[in-house]
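Reader: I am new to this structure and would like to know what stands behind the words used for it. Could you show me the model and take my questions?

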Amino acid sequence: MRIHSISLIVNGTEELLQVPSNLTLLHALREKLGFTGTKNGCEAGECGACTVLVDGEPVNSCLVLAVELDGKEITTIEGLSENGQLSPLQQAFADLNAVQCGYCTPGMLMASTALLRRNPDPTELDIQEALVGNLCRCTGYQRIIDAVMKASRNGGAQ
Amino acid sequence: MKISETSVVGKSVIRTDAIDKVTGCAVFVDDIQFGPNLLHSRLVRSPYPHALIKSINTKKAEQLPGVRAIVTGKDLTARLGLYLIDRPIFASDRVRYYGEPVAGVVAITEDIAVEAAKLVEIEYEVLPAVYDPVESAQPGASLLHPDLGSYTVANFIFPEPGTNISENFKIRKGDVESCWPDCTAIAEGQFRLPPIEHVPLETHTSIALSERSGQITLWASSQSPFAMRDMIAQSLGIPHNKLRVIAPMVGGGFGGKAGVTMEACAVVMAQAVEGHPVKLRLTREEEFVGTSVRQSLVSEIKVGCDKAGNLLGMELTYYFGGGAYNDYGVNIARAAGYSCTGPYDVPNVKADSLCVYTNHPVGSAMRGFGMPEIHWGLEQIMDQLAEKIGMDPAEFRLKNCVRTGDEIVSGMKMTPIDLETCINKVMKVIDWEKEEKPTAPNKKRGKGLAIMWKAPAMPPNPGSAAVVRFNEDATVNVEVGGQELGQGAFTIAAQIAAETLGVPYESVTVSSPIDTKYSPYEWQTVASRLTWSMGNAVKAAAGDARTQILETVAAHWDEEVDDLTIKDGLVISFKSEREQPLENMVIYGLPNENFEGWKGGPVIGRGHFMPTYVTNLDPETGQGTRAVVHYTVGAQAIDLEVDLETGQLEVLNIASVYDVGKAINPDLIMTQIEGGAVHGMSSAFEELKFNEGGEVINPSFVDYRISTIADIPRKIHGDYVETPIDDGPWGARGVGEHVMVQTAPAIANALYDAVGIRFSDLPLSADKIYLAIDENTNPGNK
């Protein structure tokens, strides 16, 4: 398998890495760079647990190859809070108990962050449409909708 | 001090794990980094549901560069199990379900392990398979376990060697035969549920390391680190102190990570490559194919009542399809047996609750543990009976539901509950009497109600232990062996410790990961038992620490312990109004006068709890003094509509009310009620599907759909009632599983109200509903 030298700008920092052609962004983040906040739920693009932002757009990191993203900006859950300050979405998820086991939470937060950047004042239906690819077995989802609404009223994502 | 005066118990404080989970800091087992020494593995799984293994040839696989070891069941005759030791770690002579592990391959990369797994050559002789539990229970059915009589079994489980019946729990109460002539109405029915999956977002993952010293460490996504250690240690002959299980945060359990699933496979593979950690991470497909399922059930129910609507008798047969191994499932049949009537007062009962081997995946614990299965039929037949005597189903339930002190089906006196208030509350919220208009002309709307009960199902004496340690600055570490699965167990433990100690909630940390080397014992995180059992242990440990502190300060001030208390981290005297901060004194103690010596020292509280009052039941009648510790009850009412052109259901409103004893954290109860309602709703549409060859045909999120954010009810109206029990902390008991138990039958009852058709089999798929409506409106017109 060919090995490629690429650079990814992860949460604002340039990372240089050697990746085989078939390495997905998910595995590059988790195993090469140690960003384990991004979760592996199905490796088939069906559950959304591995959602990250690539140049601001939500992407299932299990479905894209790292080698294709040379030079791109990646934002992971580790990049949402700055200087210990939670983003309004993170704060709302915590305050409203929109978190239970927490395994879907990073993906939910990344997809919600992308939504609020594109639509700072979404309706409940907008939120359902944006998060329909993010599965959660614990919460029943209503708290997640409520948290995104709360964060949007607080001024939307950073 | 009055017991009702609490400062943090009863408050909806923020979860202890919330910040870790929203920042990506929470560590799950797959997140732990092991460095270059780590090896990867893959299981070779059976392609047949029932077959003899004639030969296994691993030569080609071994020759693949990068392969480090291949293990099979050949030299591994030991079995494991919780209540019935019937399950091999790797199949040795026979496979009993599609997907059963037959061999394990260890390699330097996951890709090589996958390739090598394909090269393992196994020759099978296919045997007849049986999937239907009723068929499998009959004499002459193809036997799955000819050696059943030789298996080790708990003394309250009764297998029938020479058959496929692994448990037969009987209730014989009153005289059911003589009650039928007195009945004005009798309803009879057969109800079926298919196997369904737990579907946690985190798949089962384990890493095992066998060191040259003989020490074995197992990192696992587990609800049951201690039970896992016990089962694997017993099976493999490892001393308990040489097997260490470390269980970090669990990404969803729902019962699927209770006991042992595939973790023993990782240990056996690690033993073949000493010194290397071996990771076994199930793919999503394997999670669907190769982990435990909620058992299938066929229930046959006959129930009768008099003219006034009083229940007179019930006759029940439950056939649980336990799958290939029933090591855990036998106790589901038992639990379904001693609670077989549902939450009703019935004087005459005859019941047989059977767990039956079938060639399906292993049936095991899933949220509700037998109760969603039996309530599916029970709660529909109660509606049918009420209709026969012309009584409103809610009124019928209010008349017959179980009340505190009633002698219930197992002969025990009902523990304190208030089911009537639960029913009245859901009726009010859903506006029970009011007929709602459909939102479109092609839709029909209906309302349905269902009630439930459930007791923690477990051995009579499962224990909990806790340790409370102070730090110099008077912050506190609470150590428990119970697990945080998302239900909020750590938050409850922190609240109980803070309340008992008189320190701020924020100063309490619950130690994670659970580590059998350091954590105090906990049987398992199952049965909705932690708030109650672990809560009691934490309260005892914190009480022990509190006593140590007060004794030191009382001696220091020359006062009586009874005159002192701790509030906001200060010891205060009601008598002298003196104050002593906990800071430093909880480690360094206090000096005597003029520093002539010291008192006290590092404060460590210990506590445990174990129920001591559960009694045996008569094997022929199922009667005894106390079958279980207590029951939790609840009611749900559902308002839905169905699209007549597509058969699609939409749940509009769910009212869901449970009697929790005491709400330690009210909002966490609401999160369980909401999540459970959606889980319960989703379960009504789920089915693990098999083709004729026994192969799972829907092992992905696309083909096995769980509810998405677009599918949820428009509104979930949750509420709770507080009727305290005498053996829980502040009267509290569990509610985590109960919240989905009766959702599916409540939906079925509402669907009947909408379209006048009874659906006795799950799932409630749109095509099934559409075809039934079509047949109903145009009989014979296909």
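Author: Here are some questions about the terms, each answered from the model.

Author: This is a predicted model, in which local features need pLDDT of at least 70 and side-chain atom pairs count only at pLDDT 80 or more, while totals for chains, interfaces and linings use all residues. Residues are numbered from 1 along each chain as its sequence is written, and chains are lettered from A and ligands numbered from 1 in the order in which they are written.

Reader: How do you know which residues of chain A are in contact with chain B, and how many are there?

Author: Two residues are in contact if their C-beta atoms, placed from the backbone, lie within 7 Å. By that rule 41 residues of chain A are in contact with 43 residues of chain B. The helices α2 (88-95), α3 (105-118) and α5 (142-153) of chain A each give at least two residues to the side that touches chain B. α2(A) has the largest share of that side, with four residues. Helices (H or I, at least four residues) and strands (E, at least two) are DSSP runs, numbered from the N terminus.

Reader: What makes β18(B) and β29(B) a pair?

Author: Two strands pair if DSSP finds at least two bridges between them. β18(B) and β29(B) have 12 bridges and run in the antiparallel sense, so they meet the rule for a pair. Gly446(B) stands opposite Leu640(B) in β29(B). β29(B) is also joined to β30(B), antiparallel, by 10 bridges, with Val642(B) opposite Leu649(B) in β30(B). Five residues lie between β29(B) and β30(B) in a hairpin, and Gly647(B) in its turn has a positive phi of about 80 degrees. Then β30 (649-659) of chain B is linked to β31(B) by seven bridges, and these two run parallel. Here Asn653(B) is opposite Lys715(B) in β31(B).

Reader: Why do β18(B) and β31(B) count as edges?

Author: The open sheet has four strands in the order β18-β29-β30-β31 (chain B), with mixed pairing. β18 (443-454) and β31 (715-721) of chain B each have a single partner strand, so one side of each has no neighbour in the sheet.

Reader: Why is β29(B) called largely enclosed?

Author: A residue is buried if 20 or more other C-beta atoms lie within 10 Å of its own, exposed if 12 or fewer, and partly exposed in between, with C-beta atoms placed from the backbone. In β29(B), 11 of the 12 residues are buried, so the strand is largely enclosed by the rest of the structure.

Reader: Why are α10(B) and α17(B) called roughly parallel?

Author: Axes are lines fitted to C-alpha atoms, for helices over the stretch in contact, and angles run from 0 to 180 degrees between N-to-C directions. Angles under 35 degrees count as roughly parallel, over 145 as roughly antiparallel, 65 to 115 as roughly perpendicular and the rest as oblique. The axes of α10 (371-388) of chain B and α17(B) come within 8 Å and cross at roughly 30 degrees, and the two are therefore roughly parallel. Among the residues making the contact are Trp376(B) of α10(B) and Tyr752(B) of α17(B). By class, this contact has six nonpolar, three polar and two charged residues.

Reader: And what makes α11(B) roughly antiparallel to α12(B)?

Author: The axes of α11 (393-400) and α12 (419-430) of chain B come within 10 Å and cross at roughly 165 degrees. That makes α11(B) roughly antiparallel to α12(B).

Reader: How do you know whether the crossing of α11(B) and α12(B) is left-handed or right-handed?

Author: A crossing is left-handed if the near helix is turned anticlockwise from the far one by less than a right angle, and right-handed if clockwise. The crossing of α11(B) and α12(B) is left-handed, whereas α10(B) passes α17(B) in a right-handed crossing. Residues in the contact of α11(B) with α12(B) include Leu398(B) and Ile423(B).

Note on methods: Ala, Val, Leu, Ile, Met, Phe, Trp, Tyr, Cys and Pro count as nonpolar, Asp, Glu, Lys and Arg as charged, and the others, Gly among them, as polar.
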